[in-house]
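Here is a short briefing to read with the model open beside you. Please take a look at the fold before going on.

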Amino acid sequence: MVLAQLGGSISRALQQMSNATIIDEKVLNECLNEITRALLQADVQFKLVRDMQTNIKKIVNLDDLAAGHNKRKIIQQAIFNELCKMLDPGKPSFTPKKGKTSVVMFVGLQGSGKTTTCTKYAYYHQKKGWKPALVCADTFRAGAFDQLKQNATKAKIPFYGSYMESDPVKIAVEGVERFKKENCDLIIVDTSGRHKQEAALFEEMRQVSEATKPDLVLFVMDSSIGQAAFDQAQAFKQSVAVGAVIVTKMDGHAKGGGALKLLLTKSPVIFIGTGEHMDEFEVFDVKPFVSRLLGMGDWSGFMDKIHEVVPMDQQPELLQKLSEGNFTLRIMYEQFQNILKMGPIGQVFSMLPGFSAELMPKGREKESQAKIKRYMTMMDSMTNEELDSSNPKLMNESRIMRIARGSGRHLREVMEMLEEYKRLAKIWSKMKGLKIPKKGEMSALSRNMNAQHMSKVLPPQMLKQIGGMGGLQSLMKQMGSTKDMMGMFGGGDK
């Protein structure tokens with residue numbers, strides 16, 4: 001929520017600057033003041049913001065720039081680089097390796113979302129091919145083991161804990177030993193919540209850490225804590241070797257800027273929690289994060305999502321259908337399935353250039369997912385002939401009534417779904433003639449033709465954000481030269 005507002009404010013400031021006829025000192029100052037205001041409102045420390053503003057003014061010296069320079073691009077790049085510098089602690093964190101047992105211990109304040117984050121962390125790695133396990137060493141809070149047990153069962157992750165044992169050190173050691181024997185390569189230890197005023201709890205945390213010898217200690221921090229984050233993180237760091245940070249509740253109304261102050265502890269933020277559900281958990285990578293914050297998208301993240309969802313062997317087939325321009329209800333059903341597998345829609349949309357997170361408010365995102373599921377239920381009541389036909393006239397009144405009865409939906413809803421199909425078919429038909437490269441890189445000619453095709457399909461706002469036709473061509477060039485994209489287009493090495 002706050003990130004969407006912050007991103008929206010910065011994007012608007014950059015947009016106003018881009019719309020100015022002449023870029024002079026006054027326009028630059030207005031833009032920087034707007035960004036400064038947005039960051040201060042998001043509770044970012046004043047010193048960090050002031051340093052950023054000074055550095056940008058040093059880099060962008062309008063008097064020294066030659067007449068031919070694109071001042072807008074230089075200012076935009078300087079803002080991007082400074083935001084990245086502000087967020088980057090400058091050192092990587094420990095990353096677990098598949099097949100080699102790693103112990104990760106979670107620490108943090110009470111109520112910061114440790115237990116939920118443990119399961120999200122395990123679930124994320126499970127999807128990537130790890131064999132995670134959870135150990136509940138939180139004997140302090142009533143219901144902690146029940147919560148972990150419920151979450152782990154839902155995610156199908158093995159867990160260990162005890163209702164009877166009150167010594168967290170004993171539980172942690174037993175759990176770690178047990179899962180090492182079972183060849184789990186990622187053992188996650190959940191500990192009790194504590195704060196710096198409680199010396200006894202800190203001593204207990206030190207004992208758990210000494211007994212389990214974790215490869216990584218993760219500090220889980222609630223984004224709503226604000227500027228107090230630094231003192232608490234510092235206290236934890238003095239007791240155990242905090243290697244990285246996970247910031248939670250980034251979907252709330254609290255100002256997440258306080259989390260930036262954590263970077264002064266030189267511990268990298270590796271994940272951010274953006275909601276209560278298992279998949280509302282994102283890897284925090286500075287450049288893609290800032291890029292999405294500014295509405296510039298994150299193509300590499302988007303491509304990773306597509307590769308996760310659409311198997312490699314199906315990708316050339318999908319693109320072949322795309323270039324033929326034949327759009328059937330079955331293709332729509334398959335694409336809906338892929339969208340739902342990708343995770344939260346808002347998260348996926350924010351990876352596309354020109355889509356600000358503000359365009360997909362939290363409530364609307366849930367609504368859109370529910371609508372997709374409704375449409376899929378209706379399509380489950382269709383025959384193969386109906387699903388594979390691209391002739392809209394096939395859908396007569398009796399067929400529509402049968403589909404409505406079969407799916408338990410109103411006629412109006414079936415008609416609405418068919419209208420959506422027609423709208424998507426219209427967009428899909430504009431992709432007809434898209435050039436699919438067979439081997440090697442996309443040629444300049446086919447790239448330009450594809451860019452022309454895409455410019456007809458993309459929403460005007462998105463096209464403008466990319467940088468018009470020129471920006472789209474350079475994006476095509478960037479996409480065509482990557483191995484990932486070649487795999488996507490059915491070319492490259494097999």
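Is β2 mostly covered or mostly exposed? β2 is mostly covered, with 6 of its 6 residues buried (buried means under 20% relative accessible area with a 1.4 Å probe, protein chains only). This is a predicted model, in which local features need pLDDT of at least 70, side-chain atom pairs count only at pLDDT 80 or more, and totals for chains, interfaces and linings use all residues. Residues are numbered from 1 along each chain as its sequence is written, and side-chain values use heavy atoms, leaving out hydrogens and water.

**The sheet**
- An open sheet of 8 strands runs in the order β3-β2-β4-β1-β5-β6-β7-β8, with mixed pairing; strands pair if DSSP finds at least two bridges between them.
- Strands here are DSSP runs of E with at least two residues, while helices are runs of H or I with at least four, numbered from the N terminus.
- The edges are β3 (159–160) and β8 (281–283), each pairing on one side only.
- β7 (residues 269–273) and β8 run antiparallel, joined by 3 bridges, and phenylalanine 271 stands opposite valine 283 in β8.

**Around β2**
- Pro132, Leu134 and Cys136 are buried on one side of β2, and Ala133, Val135 and Ala137 are buried on the other.
- In a regular strand, side chains alternate between the two faces of the sheet.
- β2 pairs with β4 in the parallel sense over 6 bridges, and cysteine 136 has aspartate 190 of β4 as its bridge partner.
- β2 also pairs with β3 in the parallel sense, over 2 bridges; there, valine 135 has tyrosine 160 as its bridge partner.

- Helix α8 (residues 199–212) lies across β1 and β4, at about 175° to β1.

**Nonpolar cores**
- A nonpolar core is a set of buried Ala, Val, Leu, Ile, Met, Phe, Trp, Tyr and Cys residues joined through side-chain atoms within 4.5 Å.
- Leu39, Ile79 and Val290 touch the most other members of the largest core, which has 66 residues.
- Helix α4 (residues 71–87) gives this core its largest share, 8 residues.
- A second, separate core of 25 residues includes Cys118, Leu134, Ile157 and Leu218.

Definitions and conventions. Contact means heavy atoms within 4.5 Å. Axes are lines fitted to C-alpha atoms, for helices over the stretch in contact, and angles run from 0 to 180 degrees between N-to-C directions. Buried means under 20% relative accessible area, exposed over 50%, partly exposed in between (1.4 Å probe, protein chains only).
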